[in-house]
Protein chains: 2
Amino acid sequence: MNTLTLPPFAARVGLAVDIAAFAMHRSKLMILLVRRGIEPHQQSWALPGGFVHDGEQLAEAALRELREETSVSLSPNHLEQFYTFGHPGRDPRGRIVSVAHLAVLPHGTPAVYGGGSVTAAAWFEAHEPPPLAFDHADILAHALRRLQVRLEYAGLALEFLPDTFTLPELQEVYEAILARPLDKRNFRKRILAQGLLEAAGERRNGVGRPAQLYRRAKRLRSPRV
Amino acid sequence: MNTLTLPPFAARVGLAVDIAAFAMHRSKLMILLVRRGIEPHQQSWALPGGFVHDGEQLAEAALRELREETSVSLSPNHLEQFYTFGHPGRDPRGRIVSVAHLAVLPHGTPAVYGGGSVTAAAWFEAHEPPPLAFDHADILAHALRRLQVRLEYAGLALEFLPDTFTLPELQEVYEAILARPLDKRNFRKRILAQGLLEAAGERRNGVGRPAQLYRRAKRLRSPRV
DNA sequence: GCAAAAGTGTTCCTAGTACACCCATGC
DNA sequence: GCATGGGTGTACTAGGAACACTTTTGC
């Protein structure tokens with residue numbers, strides 16, 4: 001499987017995946033980070049990630065690393081590759097190319113330290129991350145932009161929420177990702193006009209008027225190309 | 001430089017770039033292809049591309065391969081990475097990951113056979129390519145979609161044209177990429193409303209009314225609020 | 001009755017779309 | 001004068017943005 005017969009001038013590189021995994025927590029957009037237990041950048045915070053194994057798909061590797069390093073047991077609701085970082089000097093160990101992935105984890109996903117070569121895993125505010133190892137600050141910035149673009153087009157916001165949710169909750173997701181407030185009336189009008197949601201009872205939160213619950217409507221929307 | 005000390009389970013892969021290079025020719029969107037001179041897929045048409053060298057940037061490698069395989073002497077007016085293809089079985093020689101790039105070449109760029117491991121280079125209609133080697137048909141399809149998206153947002157259409165051009169020429173670029181006709185009046189209104197163009201004399205084409213020439217305006221448009 | 005959270009409509013403006021004729025030139 | 005290609009305006013529609021008060025509940 002690893003019998004690679006290439007021309008001598010061809011670079012043979014280490015292939016890695018890094019994952020920018022987002023979730024909502026207390027009305028904030030959070031990013032999942034791990035603390036590196038080995039050099040280089042030992043003790044630094046970094047995006048979860050690691051080397052692709054022989055014969056492994058890129059997306060498979062991203063899922064595996066996410067589970068190994070953070071003990072995230074739930075599957076991401078969304079996972080996509082978004083950019084490949086291949087600058088020759090980005091890793092002191094040699095030429096390592098990283099295929100960066102964007103993941104959306106369900107609401108309430110805990111960050112448990114899992115194992116591998118990391119000593120901790122934790123959620124941070126995505127718009128205000130700590131200093132990061134390698135070029136991970138750059139990767140995170142790209143991931144945020146992609147997330148904002150996806151939000152407008154696809155119904156990616158739903159992936160941050162449980163099966164049923166209220167419109168104020170959905171609006172919080174939008175506001176957290178776009179980092180700006182939205183008008184409540186316009187938001188509701190726009191979302192409901194899309195016809196992707198259906199009613200699913202109501203919920204009492206204690207004080208205040210009960211909220212209408214919604215879920216993703218059964219019928220599929222036409223896929224984006 | 002190539003002292004890569006990685007864990008044993010880490011895949012060490014061949015790193016390649018492939019380039020989907022587009023240009024306009026006779027009102028059609030064309031894609032630049034090369035004929036492979038070596039196995040695998042000898043004699044098949046394929047996207048230009050090849051292995052990244054040690055210490056080379058991804059974009060550098062894309063430019064180099066484009067020049068080596070097609071003798072395209074002009075620099076692309078636009079070059080961006082758009083997706084990474086890493087399926088384990090995509091190349092029979094072993095695990096080869098390809099970072100695919102989208103390039104826009106200036107109007108009138110000839111396709112000259114350059115050398116390296118290809119026996120020919122030629123332009124084909126981008127929407128009707130011949131059978132392609134590896135997963136290059138897939139890569140081309142992705143590239144076309146990306147090109148269509150970029151067209152709407154950025155002023156990427158200008159990169160297909162010489163410094164000065166007429167609005168009917170610009171409209172041809174849009175129509176060729178989107179593969180559908182556009183209304184002339186609405187097109188002109190929309191384009192001129194963006195304020196990106198300035199007048200640059202006129203041109204007589206022989207018969208017919210002379211056309212107003214435009215060029216990209218010097219000053220940037222004010223950002224939308 | 002008051003604090004807390006959910007819910008609701010109208011007006012304005014912009015951008016997109018549909019659609020048909022006149023203008024300047026070469027021959 | 002006619003063939004060729006370039007240029008122009010208006011009416012309609014849909015979607016986005018601005019904007020303030022009422023309703024339902026717990027306590």
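Start by selecting DNA strand D: of its atoms within 4 Å of the protein, 41% belong to sugar or phosphate and the rest to bases. Keep in mind that this is a predicted model, where local features need pLDDT of at least 70, side-chain atom pairs count only at pLDDT 80 or more, and totals for chains, interfaces and linings use all residues. Residues are numbered from 1 along each chain as its sequence is written, chains are lettered from A and ligands numbered from 1 in the order in which they are written, and side-chain values use heavy atoms, leaving out hydrogens and water.

You'll get 22 of them, with A:Asn186, A:Gly206, B:Gly208, B:Arg209 and B:Gln212 the closest.

Now click on B:Lys189: a polar side-chain atom there sits 3.0 Å from a base oxygen of DNA strand D.

Time to move to chain A. Colour domain 1 (14–153) and domain 2 (156–216) separately; these bounds come from an automatic or database domain assignment. Their C-alpha centres lie 27 Å apart. Where they touch (contact means heavy atoms within 4.5 Å), domain 1 of chain A brings 18 residues and domain 2 of chain A brings 14.

How many salt bridges (a side-chain nitrogen of Lys or Arg within 4 Å of a carboxyl oxygen of Asp or Glu) are there between domain 1 of chain A and domain 2 of chain A? The count is 0.

Methods:
Near = heavy atom within 4 Å. Polar contact = N/O pair within 3.5 Å; in protein donor to acceptor, adjacent residues only side chain to side chain.
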